[in-house]
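Me: Please take a close look at one part of this model: the ligand and the residues around it. Then set that site against the rest of the chain.

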Amino acid sequence: MSEKEQQPAQITLDGTTYSLPVIVGTENEKAIDITKLRDQTGYITLDSGYKNTGATTSAVTFLDGEEGILRYRGYPIEQLAEKSTFTEVSYLLVYGKLPTKTELDKFNSDISRHTLVHEDMKRFYEAYPSKAHPMGVVASVVCSLSTFYPENNKTKRTSAEIDLTVHRVLAKFPTIAAWAYKNSIGHPIMYPKNSHNYVENFLYMMFANPSEEYEIDPVVANALDKLLILHADHEQNCSASTVRMVGSSKANLYASIAAGTIALWGPLHGGANQEVIEMLDMIHEDGGNVDKWVEKAKDKNDSFRLMGFGHRVYKNFDPRAKIIKQACDQLLNKLGVHDDILEIAKKLEEVALRDPYFVERKLYPNVDFYSGIIYRAMGIPTEMFTVMFALGRLPGWIAQWKEMIANGEPIGRPRQIYVGEGLRDYVNIGDRV
Ligand code: SDX
């Protein structure tokens, strides 16, 4: 990581001027390094939501919110989405380079050897109510993997042990996710078939059943592969930061991934893709009056928000949303599927991007705005949309966790400014008013 040095920052506090180092990243992003601020000055900084605070340096993903740039390990997302595959991008994110054919073949075969989960894990699914949200099931079952591989709880792990766990997580997550779906509809689970590639195997476990042959549709498989690539990492977002935070206490990778899955569930984060479809369905059922709902989204007294719009970092278009929108049109045309809500989504985008409220706040469609329409066209139920997001984000979470461990980063423990009561003595219950 090239951290170019430059003139230190000066800060004057209580009449004393302090110098703080400034670091400059590969793409000329600049940061004031406050690692020693409290020791030097007694002050800390405050930044609710970390809108201005970097938690780490990282070589995994670069994004520029103003320019709508997203690169995994330096490679533009547009090129990877067009030319790569999800397991190749997973290798790139986790190991930092594009694999040779030999390396990719071995990676794919290493993963395919671990697609089964312990038979005892089937009992977990029987315990959940059929209406259980699959995110709650998947997060719990992924965390439970750590109970079947207790050796993972060692704090010192060799790179071979870490690699084995990486293969297991990547291999078993699709199985766990597909089984959550099958259980929710009362259908028999389908065991992975390793003659399929990664994405085909997932579709097989989701939609095949023992009573008939299941044909993988290459159009669907290619579209899903592209979607997973587009979700694979996004630097220090809420769920990736959660994975790093949990991993920083030396918790194992299964537990860290489960924590990231739970963080992603929130409707402001990965849960937005489910919320978008529910919102579009609601607008459709309401007669498709897009202008009415855009006005509601602008009204501060109305809790309605345009889900799938806005982003903490992208203050220009989200490059992923552009690619997904194109893929949406292509897939629905190829499948001969017409979905009224795609037209509603496009109309919403058109109206909002002309409206000063959205333009002034730089609110554009994000990765979640169109993705649900594609998942629905594939036959994936709405409640599984965020599970799909987690499946795509898996290699990114793993890469972030590995980097944090490799860099020997300390346990994450933010400070605070206390604003509660001052010192006071205990009052016996009989004397309280
Ligand atoms: C993801 O971080 C990542 O990289 C995440 C992600 C990834 O790949 O990991 O990209 C995936 O999580 C995408 C975002 C999915 N979430 C949604 O689509 C939910 C809807 N969007 C918002 O809730 C919101 O835009 C956030 C949460 C995404 C970002 O919130 P911020 O950065 O904290 O911004 P904010 O809530 O302070 O909003 C700034 C202004 C406010 O208005 P004012 O107070 O300035 O008047 O914009 C308004 C907000 O009210 N606003 C919206 C809006 N989003 C922001 N108004 C209407 N509809 C919206 N969707």
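Reply: A polar contact here is a pair of N or O atoms within 3.5 Å. This is a predicted model. A backbone N or O atom of Leu306 lies 2.8 Å from a nitrogen atom of the ligand.

Side chains come next. His234 places a polar side-chain atom 2.6 Å from an oxygen atom of the ligand. Arg320 has a side-chain N or O atom that is 2.6 Å from an oxygen atom of the ligand. The protein covers 79% of the ligand's accessible area, which is 1,100 Å² for the ligand on its own.

Now the whole shell. There are 25 residues around the ligand. Those that come nearest are His234, Arg305, His311, Arg312 and Arg320. By class, the shell holds 10 nonpolar, 7 polar and 8 charged residues.

Next, the second largest pocket. Its space is about 630 Å³. The lining has 34 residues, and Asn197, Val199, Ala221, Asn222 and Asp225 are the closest to the pocket's centre. Several helices supply at least two lining residues each, among them α7 (159-184), α8 (198-207), α9 (218-230) and α14 (319-335). The largest share comes from α9, with 8 residues. The lining divides into 16 nonpolar, 12 polar and 6 charged residues.

Last, the chain as a whole. Its secondary structure comes to 18 helices and 6 strands. The radius of gyration is 24 Å, close to the 22 Å that the globule rule gives for 433 residues, so the chain is as compact as a globular protein of that length. Along the principal axes, the C-alpha atoms fill a box of roughly 80 × 65 × 55 Å.

Methods:
Residues are numbered from 1 along each chain as its sequence is written. This is a predicted model: local features need pLDDT of at least 70, side-chain atom pairs count only at pLDDT 80 or more; totals for chains, interfaces and linings use all residues. Side-chain values use heavy atoms; hydrogens and water are left out. A residue is near a molecule or strand if one of its heavy atoms lies within 4 Å of it. A polar contact is a pair of N or O atoms within 3.5 Å; within protein, one must be able to donate a hydrogen and the other to accept it, and residues adjacent in sequence count only if both atoms are side-chain atoms. Accessible areas come from the Shrake-Rupley method with a 1.4 Å probe; for residues, only the protein chains shown count as cover. Ala, Val, Leu, Ile, Met, Phe, Trp, Tyr, Cys and Pro count as nonpolar, Asp, Glu, Lys and Arg as charged, and the others, Gly among them, as polar. On a 1 Å grid over the protein atoms alone, a cavity is a set of points where a 1.4 Å probe fits but cannot get out, and a pocket is an open set with protein on both sides within 12 Å along at least five of seven lines; lining residues have an atom within 4 Å of a point. Grid points are joined across faces, edges and corners, and a volume is the space filled by probe spheres set on the points. Helices (H or I, at least four residues) and strands (E, at least two) are DSSP runs, numbered from the N terminus. The radius of gyration is taken over C-alpha atoms; the globule rule is 2.2 Å times the number of residues to the power 0.38.
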